Amino acid sequence: MKRFKSIITLTLLLVGYLGFAQNEITGNVSDDNSLALPGATVVVEGTSNGVTTDFDGNYSITASSGDVLVFSFVGFDSKSVTVGNSNKINVMLNTSNELDEVVVTGITTRDRKRLTSSAVVIDSELIEGVALSSPDQALQGRVAGLRVTTQSGTPGAPQEIRIRGEGSITGSNSPLFVIDGVPVNNGTISPLLTDMGILSMINASDIESITVLKDASATAPYGARGSNGVIVITTKSGSAGEVKYNVSSQYGFQNYAIDERPMLTGQQRFTLGAETLMNDYGWTKDRAEGYVSANFAGAQAWIDGGRVDGNWEELIKVKDAPYQSYDLSASGGSAQENFRMSVGYKNTVGTSVATDFESVSGSFTYRRKAGKVDINTSNRVTNSIQNGIHEGGSYFGAPQANRVFMTPWAQPKNADGSWNINLPTSVFNTLYLAENNIQQNDGTRAISNTSVTYKINDDLKFRTRYAIDFVLSVSHEYRNPNHGDARTDNGYSYQNTARNFTWFNTNTLDYNKTIADNHNIAATLQMAYGRSKNTYNSSDGEGVPAEGLYYVSSFGTNQSATGGFSDWRELSYLGLLNYTYKDKYVADFSFKRDGSSRFASGNRFGNFWSAGLAWNITQESFLEGNDWINNLKLRASIGETGNNGVGLNQYQSLFGYSASYNDLGAVYPSTFGNLLFSWEKQTLYDIGLDFSILGNRVSGSIGYYNKNTNDLLQSVPLSTTTGHSSQTQNVGEVENKGFEIELSADVLQLGDFTWNIYSNYASNENTVLKLAQRADGTDINLDGGYNSTRVGMQKDSWYIRGWAGVDPATGDPLYYKGGLGNEAPPYAGSMEVVNSYSDASQAFQGDRMPKYSGGLGTRLTYKNFYIDGNLYFAGGHKVFERWNWYSEATNLLSTRYYQGSQKLMNRWQNPGDITDVPRMRWSTSTSGTGSGTTTRFLNDGDFVRLRDLAVGYSLPKSITDRLGFDNVGFSVRGVNLFTWTKDPDLLVDPEIRSAGSWEIYTPPLKSISVGLNLKF
């Protein structure tokens, strides 16, 4: 093993001088019940020399005689021991009545007892080892008020995150991500129809913790970028001690989380096609079936082939798609310097044909302390490659569209085994496209963060930081000339290269002073400047002269090219003040002046602030000596944040240059600017109670929040004399409010056995309070074909016609007249039943966003064995299956031209039938046959999902010692193993993107994986 460790050391270019000349102190750290405390911190007082205990509470640290070792662990009193002549020191820590956990807020760190806000911390053990392509997915179900929705199950696809609902109507509702104290870019990198999320390019094994900030006093210091919440990612760094290695591997399989709506078999399709003629023209069954076989494309060939269905779904779906990841890290150092290095590899095969994701990453962190100067640098780079096929909507070359729209009468292959590209349908053979087309995203991301800290004196220090976030994305699409979208163009090629370079420089002065043992003052002054530059160049062409050519230079017909440049700059000044008296009373204040180039010079700067108070009640004398209340803290905060997540140059009056006149370039007015256009602002109120009782066996918090987003951007109509139809103005107002509960309890502690339950719950009530108005004082409602935003309603509420079922006598569809009466909100509609789609009017039919969400989990541990499971749930909202207007159309769309779902087999057939599926009709009209946009396809979105289930075991110390390892751990993990939906008619995955409408994407995934972790 020693030789093996030496080989790894040389491989990672580690140097031998990182050893020690001091004595090695070893020992064990346990609690007051003599149970080992893994992860306890041991630090040489006054130095950066520190280590953490292993799984059995053991530690090893270098120190000299006379040094003071400080032992600490969350929930326990710290203990200091002076090193003497003995090289072995065992310590027992007593349970603390205080919460002394240090919380990283991204700008500074605070003892939890000195916070005036709530902060939920997700540790590395919940982030590592889960078969997820993006680390932000690990947050789902773990944080009250936070919702993560999967846009697609395609590996590497972006996620949508919402914290405490949505406040903006036209701007961004995504939270700010901060990595090691520096804001970073979020979002996507690709212009293709298969997209890759930037956060998928962060190696989860490099993450130490993720902290979610929601309250005013925590988010206001981020000023113009904090209104949607802040997610702070802290990466792993080196620690003092001998060089330690960690090798982890994981291998697993992925499938659809649920089996989605089944489609018609060939025989069912044939039967229903005949019924369209029998119902509308009174034909006999034989005559109708004869017509179908002769005139419906593909029917006769299907009959002649023995009525064998094409196995499209079986070929499109990749069952047990493999997932694998491997990570290697090394860390160690001395009292003066330490380091951590890591490399990682991840490969995921998608559950839809021809989709996969591969990622290679590396990181290096280094810290050097010399006198009063402390230098830290953290550098990481990742290259990710995502291969896929079109997703979303009715792209006929997309795998999932094949499943929904392809007729079973068509065969994927010809008799000779080649792919069938002469199909009796407008839907393409995805299986052929998978082998002959290219759609690839290749992204490289480098993040560098370097800081130098100078300790002016014991109370004052200065830090300057320079951080870089660089993203280079290369996208390539090739469509073959033989089959698919580019057949009529004789092939198509597209290439795009985009580069985003963002840098920030922050200069910070920190002051921390305790006066007379009672008064603690922590103050921070910070100046930050950042700039982002984005350039892109793209080109495309048609007409490839020969097979085997894929790039635009070989496509000489209709070639075109475009390119662009954009940039933005930010400048901010921040002041923080935290005052604590005897750790009983806490006051927290922040003020930030933010400047952004996204706004006109007169409105470029905005002021944001917060104030918070906290009362640690357990520090009061009237609770001294109590043996059941360990912590009780009342907190409240108020503040104002902003949202600059708006498009660049929106404030400017712009000309467009893409027009032509008389074969010459032409200029035209394109945008009517607004120099008064400014930030969207948000006022946030919070009040909460944190508690821990019964020897810290039960802990949690309960809180109420009110988030009022005002000065919302809305398009306001203009007089046509201006030459423009509208102008963007700050006029709207939206309110989000609700309760949040976090609860954890050690239900049972018997010797080596512990049973813990943890849970969270959040409610959210979203209401539009104000919109732009016309000259007569009436609101400018934002009504669309599916959604509406009006005062008194939830933002983007479902606004569609009401479905009243099927007339039992005739089989015709019925509707509620609906429409808006004179009632006050919620704008109740008429329940009169009509038999014509055109006689019905749009009305409010439910909410798009969940009204409640949460998680419930349990963890059982016995010696070296553990089981952990976590349920996630959400509800109070509606999900719309948009594309059912094809697949559940009781007409020719589902039987002749595209494909229908098996729900159609419940159609009306005879007078007196009670069903919600109308009779089959010889028609292509959706409105006339009951498949128009109505509540027929609007379902309750309530669901419960077994999000995580993990089983782990670590070999006993006696065995690992003989093997030469510090720890050997095994684990089996499952993700999305079980899903329950309230509405039996909701047969698609309920984890719908934030828009609330089901689109034709690869469904979210369930996975089972096994892992091995070695520490030595």
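**Confidence**
I'm working on a predicted model here, so I checked pLDDT next. The protein chain averages 87, and 93% of the residues score at least 70. Residues 6–21 are a stretch to treat with care: pLDDT is below 50 there. That stretch still has 24 contacts in the model beyond near neighbours in sequence.

**Overall shape**
I counted secondary structure and got eleven helices and 51 strands for the protein chain. The C-alpha trace spans about 105 × 70 × 65 Å along its principal axes. Does the radius of gyration point to a compact globule or to something else, and what is the value? For 1016 residues a compact globule would come out near 31 Å, and the chain has 31 Å, so the two agree. I also looked at contacts between residues at least 6 apart in sequence: 69% of them join residues at least 24 apart.

**H3 against H4**
The crossing is right-handed. On the H3 side I listed Phe-270, Gly-273, Ala-274, Leu-277 and Met-278. H4 brings Lys-285, Ala-288, Glu-289, Tyr-291, Val-292 and Ser-293 to the contact. Sorted by type, the contact residues are seven nonpolar, two polar and two charged.

**Ser-637**
This serine sits in strand E29 (residues 629–643). Is Ser-637 buried or exposed? Its relative accessible area is 6%, under the 20% cut-off, so I put Ser-637 down as buried. Leaving out residues up to four places away in sequence, I found that Ser-637 touches Thr-116, a run of Asp-215, Ala-216 and Ser-217, then Ala-611 and Gly-612, and finally Leu-684, Tyr-685 and Asp-686.

Lys-863 has a positive phi of about 50°, and Asn-976 has one near 55°. Where are they? Lys-863 is in the loop between strand E44 (852–862) and strand E45 (865–875), whereas Asn-976 lies in strand E49 (residues 967–981). With a relative accessible area of 51%, Lys-863 is exposed. Asn-976 is buried, at 3%.

Note on methods
Residues are numbered from 1 along each chain as its sequence is written. This is a predicted model: local features need pLDDT of at least 70, side-chain atom pairs count only at pLDDT 80 or more; totals for chains, interfaces and linings use all residues. Side-chain values use heavy atoms; hydrogens and water are left out. pLDDT is the predictor's confidence in each residue, from 0 to 100. Contact means heavy atoms within 4.5 Å. A crossing is left-handed if the near helix is turned anticlockwise from the far one by less than a right angle, and right-handed if clockwise. Helices (H or I, at least four residues) and strands (E, at least two) are DSSP runs, numbered from the N terminus. Ala, Val, Leu, Ile, Met, Phe, Trp, Tyr, Cys and Pro count as nonpolar, Asp, Glu, Lys and Arg as charged, and the others, Gly among them, as polar. The radius of gyration is taken over C-alpha atoms; the globule rule is 2.2 Å times the number of residues to the power 0.38. Buried means under 20% relative accessible area, exposed over 50%, partly exposed in between (1.4 Å probe, protein chains only).
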